[in-house]
Amino acid sequence: MKPEVAPSCTGDQPPEAAACGPVGHAVTRVARLHRMAAGRLLRQVGLYPGQEAVMMLLWQKGPVRQSELIKICELDPSTITKMLQRLEQSGHVRRCPDPADRRAVLVEATETSCALFADVSRAWRELEEHTLAGLDQAERAELGRLLARVEENLCPETAECPEIGAQPDSTSSALSTSASEL
């Protein structure tokens, strides 16, 4: 008796389960590929995916309590701790006691990390151009509009939905960019 072999997911046909949600399946594939491409570009500047979002937040907001970072990033505390350890070892962030509450830890970008800012910005511009290659300005605008609409549709399904197009604050995810900002 021959063992059953799982069908290849790289063929022309999507997995059978995707037939019930072809758009959702496409969004999942695109998001996965986008993250992989971002990872490749970020590795060139010495970062892992997600670290650039933390750095962008610190560059924008200045020193932030580690507990606030955990809430903003919507990540597990152990994930943020490991991420901050790596960023600290590479000289990009500094952690110190909060003068207002010595039990709390403040996280801030170092002056050394300022050189990284240009590299991260360049990586994201390159990713944007690669992602949208072959689309003219009207198509790019339409894609942004459609993704913003999809985001609007999905947002009520989340526990804490940020206002569409709003600037991230301590109650919304700084890691997600609104589709309307494309």
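In the predicted model, R122 and E126 form a salt bridge in which the closest N and O atoms are 3.8 Å apart. Both residues belong to helix α5, where they are separated by four residues, about one turn of the helix. R122 is partly exposed, with a relative accessible area of 35%, and E126 is likewise partly exposed, at 37%. The pair is part of a network of salt bridges that links D119, R122 and E126.

The structure holds nine salt bridges. One of them joins the side chains of D98 and R65, with an N to O distance of 2.6 Å. Because D98 lies in strand β2 (residues 93-98) and R65 in strand β1 (residues 64-65), this pair ties together parts that are 33 residues apart in sequence. D98 has a relative accessibility of 8% and therefore counts as buried, the cut-off being under 20%. R65, at 29%, counts as partly exposed. A salt bridge is also formed between E88 and R95, whose closest N and O atoms are 2.9 Å apart. Here E88 is partly exposed, with a relative accessible area of 31%, and R95 is partly exposed at 23%.

One cavity of 30 Å³ or more is present in the structure. The largest cavity has a volume of about 30 Å³, and its lining consists of A38, L41, L42, A123, W124 and L127. Helices α1 (22-43) and α5 (114-132) are the elements that give two or more residues to this lining. By residue class, the lining comprises six nonpolar residues, no polar residues and no charged residues.

How values were computed. Residues numbered from 1 in each chain as written. Predicted model: local features only at pLDDT ≥ 70, side-chain atom pairs only at ≥ 80, totals over all residues. Heavy atoms only, no water. 1 Å grid on protein atoms, 1.4 Å probe; cavity = no way out; pocket = protein on both sides within 12 Å on 5 of 7 lines; lining within 4 Å. Points joined across faces, edges and corners; volume = space filled by probe spheres on them. Nonpolar A, V, L, I, M, F, W, Y, C, P; charged D, E, K, R; others polar. Salt bridge = Lys/Arg side-chain N within 4 Å of Asp/Glu carboxyl O. Buried < 20%, exposed > 50% of the residue type's maximum accessible area, 1.4 Å probe, protein only.
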